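Please examine the sequence and the structure shown here.

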Amino acid sequence: MAYSGNRSDKVVTVPIGNCPKSLFGLSGTVQWLCPGHSCPGCGGWSARVHSSHLRFPVDGPVGGRRVGLTLRVRRFVRGNPSRGRRTFVEQIAGLTRHHGRWTERLRAVLASVGPATAGRAGSRLAGVFGVSVSRRTVLRMVEELPDP
């Protein structure tokens, strides 16, 4: 399995490693293969890695099983630190969001459940999909949607 993300004019593929089955579902490892990343503040390119850490976003269920990802993200050092921020963490567009615990795919599923059901019914319906969320989370997803 692979995730393809867009980075300016290039398509970059993120290979997902072996997906071992566990008692709770599937898990996979994702690592971005691009040699650098652009700064979200100024747009400048940096290939100088400061450090890396693991994130564990949850994806939507596949085949009725919960999917958890292990995502290694890198922190880059900016080439020009005079503009405030000295380091930044790469974000994989279309897969994660800043400080996000869910993938964009799962967020879209929850956002589509929310307006139709809202509250407790929405959290019960998400449970049928294999996603455990509270009623308050479903309502928050509805509040984040743009006005029609």
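**From a surface patch to salt bridges**

Val 109, Leu 125, Val 128 and Phe 129 make a nonpolar surface patch of about 320 Å². Patches consist of residues with over 30% relative accessible area and no salt bridge, nonpolar side chains (Val, Leu, Ile, Met, Phe, Trp, Tyr) being joined within 5 Å and like charges within 9 Å. The model is predicted: local features need pLDDT of at least 70, side-chain atom pairs count only at pLDDT 80 or more, and totals for chains, interfaces and linings use all residues. Residues are numbered from 1 along each chain as its sequence is written, and side-chain values use heavy atoms, leaving out hydrogens and water.

Phe 129 lies in the loop between α2 (119–128) and α3 (135–144); helices are DSSP runs (H or I, at least four residues) and strands likewise (E, at least two), numbered from the N terminus. Within α2, Gly 119, Gly 122, Ser 123 and Ala 126 are buried. Seen down the axis of α2, these buried residues fall within an arc of 95 degrees, so they line one face of the helix. Buried means under 20% relative accessible area, exposed over 50%, and partly exposed in between (1.4 Å probe, protein chains only). Arg 120, Arg 124 and Val 128 are exposed on the face of α2 turned away from its buried side.

The whole structure holds 5 salt bridges, each a side-chain nitrogen of Lys or Arg within 4 Å of a carboxyl oxygen of Asp or Glu. One of them joins Arg 105 to Asp 59, with the closest N and O atoms 3.1 Å apart. Arg 105 lies in helix α1 and Asp 59 in strand β7 (residues 58–62), so the pair ties together parts 46 residues apart in sequence.

Methods
Areas by Shrake-Rupley, 256 points an atom, 1.4 Å probe, with all protein chains shown as cover. Arc of directions from axis to C-beta.
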